[in-house]
Each structure stands twice: as structure tokens, then as C-alpha cells.
Amino acid sequence: MESKSKSAFLKFLGVFLPFCLLLFICDFSIGKLLEYEYRSVKSGVIRKTTFIIDEMRTPYVVFGSSRASRHYKSSVFSQQLADPFYNCGRDGQEMIYVSAVTTAAMNRYQPKFVIVDVLPEEFTKSEEGKLGALLPYHENKTIRPFLNYNGKFQNIKLLSKIYPYNSMLTTILAGRYGADANSRENGYLPLYGNKPSAKIQPLKDQEDNVDLNKFHVFQELLRNLERKKIRTLLVISPLYKTYKQGSTVRICKLFAAKLKYVQFLNYTNLQEYRNPEIYADDYHLNDKGASKFSADLASKIVKLQSAGQDLPE
Amino acid sequence: MLFNSFNFLVFFPLVTAIYFLLPHRFRWIHLLICSCVFYCFFVPEYLSILALTIVVDYAAGIYIEKSAGNKRKWWLIISIVVTCLILFAFKYYNFFASSISGLAEFFGLHYPVKVLSILLPIGLSFHTFQSLSYVIEVYRGNQKAERHFGIYALYVLFYPQLVAGPIERPQNMLHQFREKHEFEYDHVISGLKKILWGIFKKIVIADRLAVYVDLVYNNQEHHNGPTLMLATVFFAFQIYCDFSGYSDIAIGVARVMGFKLMTNFNRPYLARSVAEFWKRWHISLSTWFKDYVYIPLGGNRVSKIRLASNLLLTFAISGLWHGANWTFVIWGTLNGIYLVISNWIGQKHRPVYHILLTFCLIAFSWIFFRAQNLSQALMIVQKIGTTTGGLYIGDPRSLAYGVFFLTVLLITECAEEFKWFNSFSLFANDSKIVRRGSYLLVVLIVLLFGVLDNSQFIYFQF
């Protein structure tokens with residue numbers, strides 16, 4: 001480098017290094033403030049996730065995505081099972097998130113019965129970049145390994161204190177000041193109204209490939225539950241679509257056949273769930289549908305537990 | 001490698017530092033190797049396809065210069081045909097084969113088509129146009145044939161503009177690879193500012209709006225007119241922020257190393273006519289079509305009918321360049337029709353409200369660009385025109401962030417365009433504190449509100 005370039009480079013460093021230092025200070029302070037605010041959240045989806053990971057001791061639980069949080073009406077289950085029931089479903093989440101929070105909760109206590117709501121195309125899509133909801137729990141030793149599935153370089157990205165709270169500011173504020181209803185009704189989030197398609201159509205773009213990361217995580221989750229002798233029910237809940245039974249069904253059947261404590265129920269393509277009145281949209285039951293489905297499933301669980309046998313078809 | 005990936009965050013400073021540390025005579029080798037490495041992060045095998053066109057066009061350039069008369073023309077034709085054939089095989093074969101098959105079926109004929117299951121090499125359309133630009137300029141005598149194979153290869157593989165432009169001309173780029181670029185403070189700072197602004201547009205605005213647009217456009221049958229209209233307006237800004245964000249990063253990266261790439265976007269949505277819009281949108285492509293298609297067809301100096309047909313043809317080809325789908329052809333042709341009508345009206349001084357009118361026309365054409373097929377596009381147009389109802393909100397968080405930062409962008413662009421607030425600017429402020437504080441603020445906004453999932457740039461598919 002020539003002397004002119006050298007002096008320009010030194011001038012640049014004179015600006016760039018203080019800038020980086022200031023950025024580091026701002027990132028650290030804002031990140032710490034967000035962490036404090038996050039931990040202080042009293043309601044909403046954040047509080048719900050923290051509760052599941054750190055405090056929940058409910059004997060009957062369901063884990064899953066938005067379909068779980070909309071389909072499993074906690075009050076119906078609690079009444080029929082005569083025990084508390086908590087709905088751990090969270091919008092936009094899939095199997096790796098489910099496995100992370102389930103494992104974290106199971107490391108603290110042993111529930112009587114676990115339902116895992118499996119998405120119809122659960123194993124065909126990667127979850128990379130979708131695990132932001134777990135980032136605030138990166139210091140939890142059970143959660144941390146799951147963050148590697150969020151993409152490469154997570155450990156380096158987590159050097160930033162703001163990064164775990166990316167895109168969460170409004171959710172934190174809503175939870176902090178009570179504008180979020182996620183934690184009511186033991187985690188169940190009812191949907192009202194009904195706007196499914198005019199007629200039942202096939203679930204489009206169904207693929208048959210399997211995301212191996214998801215498969216391995218799911219396998220590990222089920223083995224973990226099996227080791228702890230926790231009765232586990234895999235459920236593909238109702239859908240206002242015709243559903244080609246591909247890799248997801250095969251995987252669920254495989255584990256149900258292989259593991260003693262795991263069973264599988266598939267509610268898709270059933271005639272009794274083809275009534276548009278019970279759907280909020282093609283993928284979600286409304287409150288009326290959730291009540292029907294929850295009552296049906298709860299009665300099957302009761303029968304199963306009283307007889308100590310396989311689930312009735 | 002994506003500009004918005006963590007890999008690039010390591011790659012760029014490393015490449016730049018080594019570039020300035022190396023003696024000048026080795027820099028082109030360094031940049032060429034790094035450009036190949038950059039491309040190999042996508043599909044490494046496809047580098048051989050780019051290599052083939054590089055060899056052909058390099059040789060063609062030399063032979064065009066050496067030859068005279070018809071031979072020159074033949075070398076040019078050979079070069080164009082080979083380069084375009086490669087693009088055709090990868091991008092258009094399936095489209096034309098299935099279109100012919102569909103047409104045959106319409107007439108009751110049986111025409112089975114063997115569809116090739118190949119992926120389009122990333123950036124091949126951009127690469128093709130930059131290569132063509134070289135041989136045409138050599139043929140026209142505006143550019144001397146490049147004898148140094150490495151420098152020529154670098155001209156078409158230069159990593160900042162390799163996959164999505166700006167599509168450079170040899171007159172602007174080739175000599176820059178021979179010049180010695182010192183580390184210059186002003187270049188580095190202006191380059192970094194451009195990169196930061198590009199990242200802001202891509203990660204904070206485009207990727208946020210994409211959440212809503214994808215939700216609506218991927219389930220258009222469930223949405224009403226107002227929702228589809230809002231999604232279309234959002235898509236107009238999404239594609240602008242996505243592509244101009246990419247261009248800003250490309251220009252900024254090159255600038256840091258002392259290279260000057262052409263401006264690709266100039267506040268296009270503040271244009272008062274469609275003609276002006278095309279002078280401000282994807283300028284490197286618009287000027288390419290003007291220089292190599294529109295003017296050779298006769299340009300403006302022809303009859304009104306011929307002028308109209310030239311415009312329509314140029315824009316239809318431009319649409320086809322974007323993608324092998326009838327939706328893109330219609331998108332291009334629609335813009336051509338706007339220009340034909342605009343030429344007939346011939347209004348010179350347009351009032352400010354024409355900005356809104358132009359935006360509406362352009363946004364309408366984006367429906368065809370974004371829709372997956374023609375029937376989906378027509379359904380959206382029909383629904384926008386006939387159905388009413390409440391707006392779908394989707395993820396209110398994404399919507400709120402997207403709208404807020406889009407408003408920030410619009411105010412910034414209007415302030416620059418109309419010299420609002422006494423031409424006040426944060427990034428170019430006289431006060432060091434305001435200037436550097438604004439850089440810091442943008443970095444923090446990216447960390448707090450950006451979509452940090454390494455999403456693709458829309459134009460990579462072309």
C-alpha cells in the first residue's frame with residue numbers, strides 16, 4: 001500500500017473503529033433492555049412460551065403450530081379428562097420448535113399424556129430461518145442445540161444482543177402492556193366465523209420429500225418421550241382439503257408401529273369433518289369445530305387410558 | 001452467495017482487504033478467483049456454462065476486430081447465436097416446447113413434449129446481455145477487442161454485478177480493471193453508505209412487504225379486491241426495494257474497491273409518465289434495449305405505426321428476458337402499450353398528480369409480473385375490479401414494520417426529488433454527528449426490524 005493509501009486507510013480506521021465500538025455499546029444496551037422487557041412480559045405469546053419452557057406442570061398438553069392452538073380447546077379436554085390441560089401451540093411454528101419446547105418442558109417434569117399436532121406437510125419443508133421464537137431462550141441448555149437448525153453461524157450471530165429479539169419489539173410491547181390475548185383459555189386461541197373455500201379442494205403442491213433435519217429431531221423427541229414412558233399421541237387434525245397421505249403420514253405410522261408409547265390418529269379426509277360450518281378457513285377449525293374435535297379426541301383418550309389399549313380407529 | 005448472507009459479511013471485507021494489499025498486477029487474478037468463488041456458492045457446475053460463453057465471446061471479439069466486411073458480421077452472428085442458444089436452452093426451451101404443445105392440443109393435434117429438468121444458472125440472463133454488449137460494441141468499433149483473456153473474463157464475472165447487474169458496457173468497465181485503484185477514504189465511505197442503504201431497502205422493507213404479498217398472492221382465491229390491490233401496491237414497492245437494494249449493494253461494493261458502476265435506479269416511482277419511469281427503472285437494462293434493440297429497429301425516426309410496433313416489440317422482448325412465461329410477455333407488452341398511448345397523447349409538461357397515475361399504471365402491470373400464471377393474473381384483475389370487503393391484515397407486526405419503513409423511504413425519496421426540508425439529508429449531512437448517527441441508526445434498525453433469514457433477491461431468478 002502506498003503512503004497516500006495508508007493515510008486514507010488510517011483515516012478510515014479512525015472513523016470505523018469508534019463506529020464499531022459505539023455500535024457494540026448500543027447493541028449491548030438495547031439488547032439488554034429488550035431482554036429485560038422480554039422477561040417482564042405478563043401476557044401474550046411470549047409469556048406463553050416462557051411459561052411452557054420454564055414453569056408449566058400440566059398433566060395433559062398439546063404441542064404444535066397455529067393448528068394446535070386453534071383446534072384443541074383446553075376447557076373441553078380438562079372437563080372430559082378431569083385434569084388440567086394446556087395448549088402449547090404457537091402460530092408459524094413447526095416440528096423443530098415443537099421438539100425444542102417439548103424437550104425443555106419434559107426435562108423439568110413428566111406429564112401424563114402428550115399430544116403432538118403434526119402438520120399435514122410437516123416433514124416436507126425445512127424450518128431454517130423460522131426458529132426466531134426460540135432465540136430469546138438461547139441460554140437455555142436444552143434449547144440451544146435446536147438453534148443450529150435456524151441456519152448457519154447462529155453462535156456468531158448471537159454475539160449480537162439485539163439479534164435474539166429481532167422483529168419482536170411490538171410483540172414485547174403488546175405482551176408487556178396487555179394487548180395480546182395469547183395466554184387466555186389455557187393456551188387455546190379460538191377462531192370465530194367461517195370462510196373456507198366454496199368446495200373442498202386438494203391440498204396443493206403436496207411434496208413427498210423429507211427434510212432430514214426435521215425427521216431426526218422428531219425421532220429424537222419421540223425416543224425421549226418413550227424413554228420417559230410418557231404416552232404420546234401424534235395427531236393430524238382436520239383440514240378442509242383432500243389430503244394425499246404422503247411422507248408425513250408414513251413417518252407417523254412408522255413411529256407409532258415402532259414405539260410402544262406412541263400412537264397416531266389421522267383426522268384428515270374424514271366425512272364427519274367435511275362440514276364447512278366448522279372451519280374458520282381451509283386450515284383451521286373455528287371454535288365450533290374445535291369444540292367438536294376436542295370432545296371427540298378427549299373421549300378417545302379417555303377410552304384409551306381406561307382400557308390401557310390402542311386408540312380406537 | 002447472497003449479499004444479505006452472513007457469508008458475504010465475511011467475504012466482502014476479506015476480498016477487499018486482500019485486493020488493496022496485493023500489488024496492482026495481481027489484483028485482476030484475485031478478483032477473478034473471488035468472483036468464481038462467489039458464483040460457486042450457488043451451483044458451482046454452472047460456472048462451466050459461463051466459461052463457455054466467455055471463451056466464445058472473447059474469441060469472437062478478437063476475430064471481429066481482425067476481420068473485415070462480411071466476415072466481421074459472421075463472427076458477430078456466430079457469437080450472438082451461441083450466447084443466445086445457451087440462454088435459450090436453459091431458460092426458454094421448456095417454455096417454447098410447452099407453448100407449442102399447448103397450441104397443437106388446441107388444434108386437436110398430438111405433440112408430445114420432452115421437458116428438460118434443468119435449473120436456470122443464476123444470473124445467466126444478465127451475463128448473456130453483458131457479453132452481447134461487448135461483441136456488439138466491438139463490432140460497432142466503439143470498443144477495442146480485449147486481448148487479455150483474464151481481464152475479459154473478469155468483465156463478465158466481476159462479482160458485485162455478476163448475478164443481477166447493473167448490466168455494464170465494456171466502455172465503462174474494461175478500462176477500470178486496468179487502472180490502479182488506491183484505497184480512497186471518500187470512495188470507501190460512499191460505497192459503505194450505498195451498501196447500508198441497499199441492505200435497509202432489501203431486509204427492512206422488501207422482505208417485510210414480501211410476507212404480506214406472498215400470503216395474499218399465494219392464496220389469491222381467498223382474498224377480495226381491496227386486499228389484492230394492497231398486495232399489488234406492496235409488491236410494487238417490494239420489487240423496487242429488492243432490486244434497487246441489490247443494485248445499491250453491488251454499486252457500493254464496487255465503489256469501495258474504487259470501481260464505478262452505472263446507476264440502475266433513480267426514484268422510479270416519482271416519474272410523471274411511463275416513459276420517464278423507464279428512464280429511472282433498471283436503467284442498465286432499459287438503455288441496453290434502447291441501444292441494441294429499439295434503435296436498430298429504427299427508433300423514433302420512423303412512421304407512427306412503425307414506432308408503435310418497435311416499442312411493443314422491444315417491450316415484449318424485455319418481458320420475455322425477465323422470464324419464460326406468458327405473464328412476463330404480457331407485462332412487457334402492457335408497458336409497451338402505455339408508451340405507445342403516451343406517445344400519441346404527447347403531453348410534455350405533466351402535473352404532479354401524474355406521479356400517482358403513472359404509479360397506478362405500473363402497479364397494474366406488476367400483477368402480471370408477480371402472478372404465477374395467466375389465469376391467476378386475470379383472476380386477480382377481475383377480483384380487484386369486482387369484489388369488495390374488508391382488508392386482510394395477516395401478520396400485523398410485519399405489516400406495521402413494512403408500512404412504517406416504506407413511509408420513511410418515500411419521505412426520503414420525495415425530499416431528494418423535490419428538495420424538501422431545504423435538501424436536508426441524514427447520510428450527506430454537514431454535521432459529522434448527524435451523519436454517523438444516522439449510519440448507526442440504520443444498522444440498529446436492520447438488526448431490530450430486518451428479516452434476517454437470507455431470503456433470495458427476486459431478480460436472481462432471471
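Me: A residue is buried if 20 or more other C-beta atoms, placed from the backbone, lie within 10 Å of its own, exposed if 12 or fewer, and partly exposed in between. This is a predicted model: local features need pLDDT of at least 70 and side-chain atom pairs pLDDT 80 or more, while totals for chains, interfaces and linings use all residues. Residues are numbered from 1 along each chain as written, with chains lettered from A and ligands numbered from 1 in written order. Which residues of helix 11 of chain B are buried?

Reply: Helix 11 of chain B covers residues 283-294. Helices here are DSSP runs (H or I, at least four residues), numbered from the N terminus. The buried residues of helix 11 of chain B are I283(B), S284(B), L285(B), W288(B) and Y294(B).

Me: What covers the buried residues of helix 11 of chain B?

Reply: Contact means C-beta atoms, placed from the backbone, within 7 Å. The cover of these buried residues includes helix 5 (124-140), helix 10 (274-280) and helix 12 (304-322) of chain B.

Me: How are helix 3 and helix 6 of chain B oriented to each other?

Reply: Helix 3 (residues 47-66) and helix 6 (residues 149-157) of chain B pack at about 125 degrees, with axes 10 Å apart. Axes are lines fitted to C-alpha atoms over the stretch in contact, and angles run from 0 to 180 degrees between N-to-C directions. Under 35 degrees is roughly parallel, over 145 roughly antiparallel, 65 to 115 roughly perpendicular, the rest oblique. Helix 3 and helix 6 of chain B are therefore oblique.

Me: Which residues of helix 6 of chain B make the contact with helix 3 of chain B?

Reply: Helix 3 of chain B brings L50(B), I54(B) and Y58(B). Helix 6 of chain B brings F149(B), Y152(B), A153(B), V156(B) and L157(B).

Me: Which element gives the most to the side of domain 1 of chain B that touches domain 2 of chain B?

Reply: An automatic or database assignment sets the domain bounds: domain 1 of chain B is 6-180, and domain 2 is 186-272 + 350-449. Between these domains of chain B, 11 residues of domain 1 are in contact with 12 residues of domain 2. Two elements give two or more residues to the domain 1 side, helix 1 (6-21) and helix 7 (170-178) of chain B. The most, three residues, comes from helix 1 of chain B.

Me: Which element supplies the largest share of the side of chain A that touches chain B?

Reply: 27 residues of chain A are in contact with 22 residues of chain B. Helix 1 (3-39) and helix 7 (169-176) of chain A each give two or more residues to the chain A side. The largest share, 12 residues, comes from helix 1 of chain A.

Terms used: Contact = placed C-beta atoms within 7 Å.
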